[in-house]
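Keep the structure open beside you and look up each residue as we reach it.

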Amino acid sequence: MSGAAQDRYDYAVVGGGIVGAATAYELSRRRPGSRIALLDKEDGFGVHQTGHNSGVIHSGIYYARGSLKAELCRAGVAATERFADENGVPWRRTGKLLVATSAPDLARLGDLRARAAANGITAYVLSAAELREREPKVAGLGALHIPSTGITDYRRINERLAALVERAGGTLLPRTRLTGIDERPGEVVLETTGGEVRAERAVLCAGIQADRVARMAGLDVDFAMVPFRGEYYDVRPERADLVSTLIYPVPDPDLPFLGVHLTLSVDGGLNVGPNAVLGLAREGYPKFSVDARDALDVARFPGTWRVARANVRTGARELWNSMSKRGYLRLCQRYCPSLTLDDLTPREAGIRAQAVLRDGSFVHDFLLRRTPRTLHVVNAPSPAATSALPIAARIVDELGE
Ligand SMILES: Cc1cc2nc3c(=O)[nH]c(=O)nc-3n(C[C@H](O)[C@H](O)[C@H](O)COP(=O)(O)OP(=O)(O)OC[C@H]3O[C@@H](n4cnc5c(N)ncnc54)[C@H](O)[C@@H]3O)c2cc1C
């Protein structure tokens, strides 16, 4: 059933990105016969973060042992590959190289390999010569090779999940914006632009709007979603065979971003990105987008200023490289010296939903919060696309009977 509001649902899932769609799908599998609605304010499903990401099936090497990210990303690799196979969505195991371009980077490769081992992921340290042999166009002092990393198309996975929900009898409600939540003893009433949607339980997977939606449910919100733009360039098609593996720099361990990387796509293309620049619009994709409410929220939130102060140099560098294509190119040339300005064409940016606390620290792990009848996914940054199916399984476990 599509676009038709029913009187009352067992479960209403708000937010039809990959996390919400996977949750509705998991509910339809594990609670067959239950009445499920999947709502999104947009015309279709998967148009925000899920439709603007790198398409990487992350192996899960970076994440602290015992974290939800480590556990659910690892499970997500197998779950994503299986789902893609069963549903005709293209995917490929390309492997990934973390390339060290400085002595400190080289020293960190050992730590990263140890972390990979702790998370049960195979990774090999390569010498400079072994790196050159594997990827002749890539330069570095050494690298960490992670064979299990892959690529897919998350928007197609998202669309397929929504289609399966509908096929199982669920109701898809696009163009339905949540505006309020009224939790009563016997039900939760979602106020939406399409009228009231009543449900036994609601799961809120609103991505970058998670703080506003959590506030609607009366949760004590001690964080804000801060938009970090991720800008990309496509590499000219004639040079798409420059590399055969995904090529990443060694990441800064204090930041939740991975650095500008060379990423193959399942349609045969190659792109580079994303950088991480503080944004002034949560859903405004063109450069210089400003949304008055979003900009005011960014400016008023003390955590933003603390992040900015703690990362002045990184922030200034990211901003400069966002404004200057030459600066951006230099980041890529550190590990791929033959790339030129002419090789790069800008493509639409993505915007990360990153929860930041008042003290300016990033919430690194996935985070759920709940009230008696609502469950909120309040932080689902990368690798939440890879991890969406296990996150959904966790949510359904949490909902109980
Ligand atoms: C640049 C970039 C690169 C990334 N690369 C990767 C990667 O390679 N691999 C990986 O695993 N992850 C990656 N990620 C992270 C991944 O894309 C996200 O973690 C994931 O898509 C989050 O899914 P979501 O469903 O939580 O959010 P979204 O996809 O943003 O969906 C949230 C949905 O909620 C809806 N919504 C919000 N408010 C309301 C409301 N009031 N009423 C109704 N609907 C509402 C929105 O319209 C939206 O559709 C990347 C992210 C970015 C931005």
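## Starting with Arg212

Let us begin with a side chain that reaches out to two partners. The side chain of Arg212 makes a polar contact with the side chain of Gln209, at 3.0 Å. Another polar contact, at 2.8 Å, joins the side chain of Arg212 to the side chain of Asp297. Please keep in mind that this is a predicted model.

Where does Arg212 sit? You will find Arg212 in helix α6. Is Arg212 buried or exposed? Its relative accessible area is 10%, and buried means under 20%, so Arg212 counts as buried. Leaving aside neighbours within four places in sequence, Arg212 is in contact with Arg282, Arg293, Asp294 and Asp297.

## Around helix α6

Asp211 also has its place in helix α6, which covers residues 210-216. With a relative accessible area of 2%, Asp211 is buried. Which residues does Asp211 touch, not counting those up to four places away in sequence? They are Val221, Phe223, Ala224, Met225 and Arg282.

Ile208 is found in the loop between β12 (195-204) and α6. At 6% relative accessibility, Ile208 is buried. Beyond residues up to four places away in sequence, Ile208 touches a list of residues that includes Gln49, Met225, Arg282 and Ile351.

## Two domains

Now zoom out to the whole chain. The chain is divided into domain 1 (8-49 + 155-222 + 365-399) and domain 2 (93-149 + 226-357). How far apart are the C-alpha centres of domain 1 and domain 2? They lie 30 Å apart. The contact between the domains takes 14 residues from domain 1 and 13 residues from domain 2.

## The ligand and its shell

Next, look for the ligand. How many residues surround the ligand? There are 35, and the closest are Asp40, Thr50, Leu178, Ala380 and Thr386. The residues of this shell divide into 15 nonpolar, 15 polar and 5 charged.

A polar side-chain atom of Asp40 lies 2.6 Å from an oxygen atom of the ligand. A backbone N or O atom of Ser54 is 3.3 Å from a nitrogen atom of the ligand. For Ala380, a polar backbone atom is 2.7 Å from an oxygen atom of the ligand. On its own the ligand has 1,000 Å² of accessible area, and the protein covers 97% of that.

Which elements give two or more residues to the shell around the ligand? They are α1 (18-30), β18 (344-357) and α11 (384-399). The largest share, 3 residues, comes from α11. Domain 1 and domain 2 both give residues to the shell, so the ligand lies between them.

## A last stop at Ala84

To finish, find Ala84, whose place is in helix α2 (residues 68-86). With a relative accessible area of 1%, Ala84 is buried. Ala84 touches Val89 and Trp91, not counting residues up to four places away in sequence.

For a sense of distance, compare Ala84 with Gly186. These two residues are 102 residues apart in sequence, and from C-alpha to C-alpha they are 38 Å apart in space.

Key:
Residues are numbered from 1 along each chain as its sequence is written. This is a predicted model: local features need pLDDT of at least 70, side-chain atom pairs count only at pLDDT 80 or more; totals for chains, interfaces and linings use all residues. Side-chain values use heavy atoms; hydrogens and water are left out. A residue is near a molecule or strand if one of its heavy atoms lies within 4 Å of it. A polar contact is a pair of N or O atoms within 3.5 Å; within protein, one must be able to donate a hydrogen and the other to accept it, and residues adjacent in sequence count only if both atoms are side-chain atoms. Accessible areas come from the Shrake-Rupley method with a 1.4 Å probe; for residues, only the protein chains shown count as cover. Helices (H or I, at least four residues) and strands (E, at least two) are DSSP runs, numbered from the N terminus. Ala, Val, Leu, Ile, Met, Phe, Trp, Tyr, Cys and Pro count as nonpolar, Asp, Glu, Lys and Arg as charged, and the others, Gly among them, as polar. Domain bounds come from an automatic or database domain assignment. Buried means under 20% relative accessible area, exposed over 50%, partly exposed in between (1.4 Å probe, protein chains only). Contact means heavy atoms within 4.5 Å.
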